[in-house]
Each structure stands twice: as C-alpha cells, then as structure tokens.
Amino acid sequence: KFFKNEKEPYERFDLQKLLKIYEFPLDGNSVKIPLEDRGQMRIHFKEPFYTYPQISFSDVVKNTFETEWIRGRIILIGATDFSLQDTHPVPNGKMAQMPGIEIHANTMQTILDQSFRWPGEFGSRIALIAFIAFFSTAIFLWLGMGIGAISAVLIAGAYFFLARIGWGRGWMFDMVLPMVAIFFTYILSILYRYFTEFRQKLFLKKAFSRYVSAEIVQDLSEHPEKLMLGGERRVATVFFSDICDFTAFSESVPVAEMVSQMNEYFSVMTEVIMAEGGTLDKYEGDAIMAFFGAPIAYEDHAIRAIRTAVNCRKEMEMVNEKWTREGRRTFNFRIGINTGEVIVGNIGSSERFNYTVMGDNVNVASRLEKANKELGTKTLVSETTYEAVKSETSTHGADFQFIKHGPIKIRGKNEEMEVYEVVASLRS
C-alpha cells in the first residue's frame with residue numbers, strides 16, 4: 001500500500017526511498033501515482049526477469065565489483081536467490097515468482113518512468129464491457145451464426161490488438177471479462193436466433209400447411225425472405241373450378257354418398273394443385289379457388305396453372321371411371337384461369353385471417369369459369385394467361401393446344417375480351 005488514507009503519508013519502503021533521494025514532497029503534487037482501491041498501484045514489470053544488474057554479497061565483501069556499476073544508481077539490498085524463499089507471484093513472463101527486492105525495483109522504476117498501468121475507473125470499464133457485448137450481439141444477429149463465429153474471433157483479436165496498443169500508452173484493459181462477454185453474447189445470440197426462427201418456422205408451417213405442399217412450406221421456413229405476410233401486389237395466375245349441375249347432384253344422392261364423393265374429388269384436385277406448386281385458397285361449396293405465383297414467385301406460374309387444369313382432368317377421368325364401376329354418378333367440372341396483378345397476403349381480422357388474393361383479376365378468373373357454360377367449353381383462360389404461357393414456354397418448355405373464342409363479353413367488364421380454350425397438352 002502507498003497510504004493508509006487520504007491524509008496519512010506514504011508508507012511503502014520503495015516509495016519512501018524515492019521521496020528521500022529525490023526530495024519529492026509528501027503531498028503528492030509532484031508524484032502522480034494513479035491509485036486503485038485500498039491505495040494500490042499497478043506495477044509495470046520489466047521483461048525478462050533479472051533486468052536490473054545484480055552484485056552478489058560475496059563480491060561486496062571481497063570488494064571485487066566495479067564501482068562504476070553503482071555510481072549514480074539507487075542501490076537496493078535484498079535476497080534474490082530463490083532458495084531464500086523471498087519470492088512472490090507476479091503477472092509477468094513465464095516464471096511464476098519474482099524476488100521481493102526486484103518487485104521493489106520494478107515499483108521504483110515505474111514511478112520514475114511514470115509508466116503506470118491504469119485500468120481506468122470502474123464505471124468506464126463496465127461501460128466498455130457493455131459496449132463490447134452490445135456490439136458483438138448486433139454483429140452476431142446481423143451476420144448469422146456461421147459468419148458470427150468468425151466475427152467473434154475477429155472481435156476478440158481486434159480487442160486484444162487495441163489492448164496491446166493501450167498497454168504501450170499506460171492503459172491496462174481487462175482481458176477476461178470482455179472475452180467472456182463476447183463468448184456469452186455469441187451463445188445467447190445462437191439461442192435467440194434458434195428460438196425466434198423456430199417459432200417463425202412453426203408459424204409458417206401452421207399457417208401454410210393447409211394451403212401449399214409440404215415442399216413449399218419447407219422452402220418458406222428455410223427462406224422466409226420469399227414471403228411477405230403483410231400483403232403485396234404481385235403478378236399471379238388465379239385458378240377457379242366448379243362442378244357442373246352440382247345442385248341436381250346434391251339433391252339426388254344421400255348425404256353420406258355426396259360427402260364421400262366430394263371429399264374424394266377435393267382430394268384429387270388439391271393434390272394436383274399442390275403438386276404444381278399452387279396455393280389452395282379455399283373450398284366454397286363445390287368450387288375450388290387456387291393461385292400460382294405466391295407465396296413463391298414461380299416464373300412459370302401461368303404454365304403451372306394450365307398444367308394443373310390438364311392434369312386435374314386426367315386424374316378425374318380415372319376417378320369417374322371408378323365411380324361408374326361402383327354405380328355412382330360422375331363429375332364434370334369447369335375451370336377458369338386468369339393472369340394479372342393481384343393483392344396477395346394475410347387478409348382478415350386480427351383473430352382470424354386467410355392467405356388469399358384479391359383484385360379484379362381474381363374476379364375475371366371466376367367469370368371465365370362461368371363463361372364455360374355459355375360457350376360449351378370446359379377450360380377457359382384469358383388472353384393475358386395465353387400470352388404469359390407463350391412467353392414462359394420458350395424458357396420452361398411447356399406446350400399446350402388452344403382454341404380461340406371471342407371476343408366475348410365478361411360480366412363485370414365493359415370491354416369484350418379474347419378467351420382461349422385449353423383442349424390438350426402437347427408436352428408437359
């Protein structure tokens with residue numbers, strides 16, 4: 001210790017020696033010593049050990065040493081041999097112990113050179129650790145865990161480099177707590193990302209497992225950036241289907257049989273829709289609404305929609321054959337398809353919502369489905385869908401056969417429009 005309290009003088013041997021030799025005033029105005037709690041000073045130990053010249057006691061007794069060695073120097077007398085057990089642990093070099101007299105020499109040299117090692121005020125040290133923890137957390141959460149691990153090493157290395165620079169300027173940085181802070185913030189960031197991403201994936205799977213295939217749900221959970229849950233404008237292809245003369249069918253068969261056939265019909269149609277990457281919007285009575293191009297923005301969404309229509313007919317032909325053998329009534333259905341800009345997203349109340357599409361182009365697809373009855377067709381697509389298919393075919397390799405109809409008047413539209421009937425798939 002250098003003093004007992006603020007009013008009592010310094011009492012350390014090495015400091016008293018300096019005060020006496022250099023006539024430093026005891027009020028401390030000339031000796032600027034940064035003292036920590038309990039009046040302790042950090043010593044700047046020289047490297048390596050035994051930096052200061054030593055003269056053995058026997059050479060003094062025999063007067064066999066060079067007097068020039070001690071001229072103008074401060075002489076300290078004490079034991080340096082480790083066998084005399086006047087050694088103490090010091091934070092320096094590879095050796096764990098240093099002779100007490102050499103500790104005094106290092107203390108005096110630190111004061112003479114004013115090369116104090118000052119760790120700073122407690123508040124500033126805590127602030128530095130807090131800053132490192134906050135900065136590390138921000139980096140880890142921003143970059144992710146893989147790059148975050150590399151970042152943790154880089155942050156620790158940069159801190160160590162700055163600590164070395166600060167050491168040369170008299171500042172002594174904490175080394176343990178900042179490294180612990182980096183380590184724990186990295187672990188906490190991993191846990192935070194794990195649980196937040198886990199909840200997000202769980203939400204996505206729960207929200208979309210009813211609408212899209214398991215493959216799309218998995219893709220969305222791994223790449224949520226593909227999805228905008230709040231809603232957005234997007235070009236998509238809307239698909240509507242409806243069973244012909246369903247009212248007559250429902251009134252002519254028992255309820256259990258009707259439900260059984262409807263469940264089988266919906267299962268077949270939905271399986272084809274999802275196989276093509278479509279999103280099932282809703283079942284409305286005997287009608288099915290789906291759309292292609294959201295939540296995943298497939299470039300060939302128009303082709304996927306038409307291929308769905310073609311494959312639905314193929315699958316239902318086999319189902320109708322089975323129903324005929326069973327003595328049941330068969331289903332004939334109409335499909336309308338339109339491509340255009342829609343609003344897609346979670347739409348509904350704060351308690352219940354549905355991932356759906358809205359807009360005039362949705363209505364057009366519904367009107368096209370109904371126009372089949374007037375034209376005696378089975379699958380009608382709009383001119384925008386037809387043009388989209390032509391554009392997508394060169395890239396994605398699909399090919400269909402169309403028959404042009406129109407121009408015809410679509411309910412809800414002031415202008416007549418060209419429509420096309422899908423009659424075959426030349427290549428799928």
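**Salt bridges and other features**

Mentor: Start with the salt bridges: a search of the whole structure finds twelve of them. A salt bridge here is a side-chain nitrogen of Lys or Arg within 4 Å of a carboxyl oxygen of Asp or Glu. This is a predicted model, in which local features need pLDDT of at least 70 and side-chain atom pairs count only at pLDDT 80 or more, while totals for chains, interfaces and linings use all residues. Residues are numbered from 1 along each chain as its sequence is written, and side-chain values use heavy atoms, with hydrogens and water left out.

Trainee: Which residue forms a salt bridge with Arg334?

Mentor: Glu369 does, with the closest N and O atoms 3.3 Å apart. Glu369 lies in helix α11 (residues 360–375) and Arg334 in strand β6 (residues 333–348), so the pair ties together parts that are 35 residues apart in sequence. Helices (H or I, at least four residues) and strands (E, at least two) are DSSP runs, numbered from the N terminus.

Trainee: Are Glu369 and Arg334 buried or exposed?

Mentor: Buried means under 20% relative accessible area, exposed over 50%, and partly exposed in between, with a 1.4 Å probe and protein chains only. Both Glu369 and Arg334 are buried, and the value for Glu369 is 3%. Glu369 also meets the side chain of Lys370 in a salt bridge, at 3.9 Å from N to O. Lys370 is partly exposed, at 41%.

Trainee: Which residues are linked in a network of salt bridges?

Mentor: The network links Glu264, Lys322, Glu326 and Arg328. Within it, the closest N and O atoms of Lys322 and Glu326 are 3.4 Å apart. Lys322 has a relative accessible area of 26%, so the residue counts as partly exposed. Glu326 is partly exposed as well, at 43%.

Trainee: How do I check the length of a helix, say α10?

Mentor: The expected span of a helix is 1.5 Å times one less than its number of residues. Helix α10 has 25 residues (301–325) and should therefore span 36 Å; the C-alpha atoms at its ends are 36 Å apart, which agrees. After α10 comes Gly327, with a positive phi near 80°.

Trainee: What should I know about backbone angles in general?

Mentor: Most residues other than glycine have a negative phi, and most peptide bonds are trans. In this model, Asn63 has a positive phi near 55°. Asn63 sits in the loop between α2 (57–62) and β1 (87–89) and is exposed, at 55% relative accessibility. Asp245 also has a positive phi, near 55°. Its place is the loop between β3 (232–243) and α8 (246–252), and Asp245 is exposed at 57%.

Trainee: Which residues does a cis peptide bond join?

Mentor: Ala294 and Pro295, with omega about 0°. Pro295 is in the loop between β5 (287–292) and α10.

Trainee: In what sense do β3 and β5 pair?

Mentor: Two strands pair if DSSP finds at least two bridges between them. β3 and β5 pair in the antiparallel sense, over five bridges. Val238 stands opposite Phe291 in β5. Ten of the twelve residues of β3 are buried, so the strand is largely enclosed by the rest of the structure.

Trainee: How many disulfides does the structure hold?

Mentor: A disulfide is a covalent bond between the sulfur atoms of two cysteines. The test used is a pair of cysteine sulfur atoms within 2.5 Å, and the structure holds zero disulfides. Among the cysteines, Cys244 is buried, at 17% relative accessible area, and Cys312 is buried at 0%.

Trainee: How far apart are Lys373 and Cys244?

Mentor: They are 129 residues apart in sequence and 8.6 Å apart in space, C-alpha to C-alpha. Lys373 belongs to helix α11 and is exposed, at 63% relative accessibility.

Trainee: What are the totals for the protein?

Mentor: The protein has twelve helices and ten strands. Of its 428 residues, 42% count as buried. A contact means heavy atoms within 4.5 Å. Of the contacts with a separation of 6 or more, 65% are between residues 24 or more positions apart.
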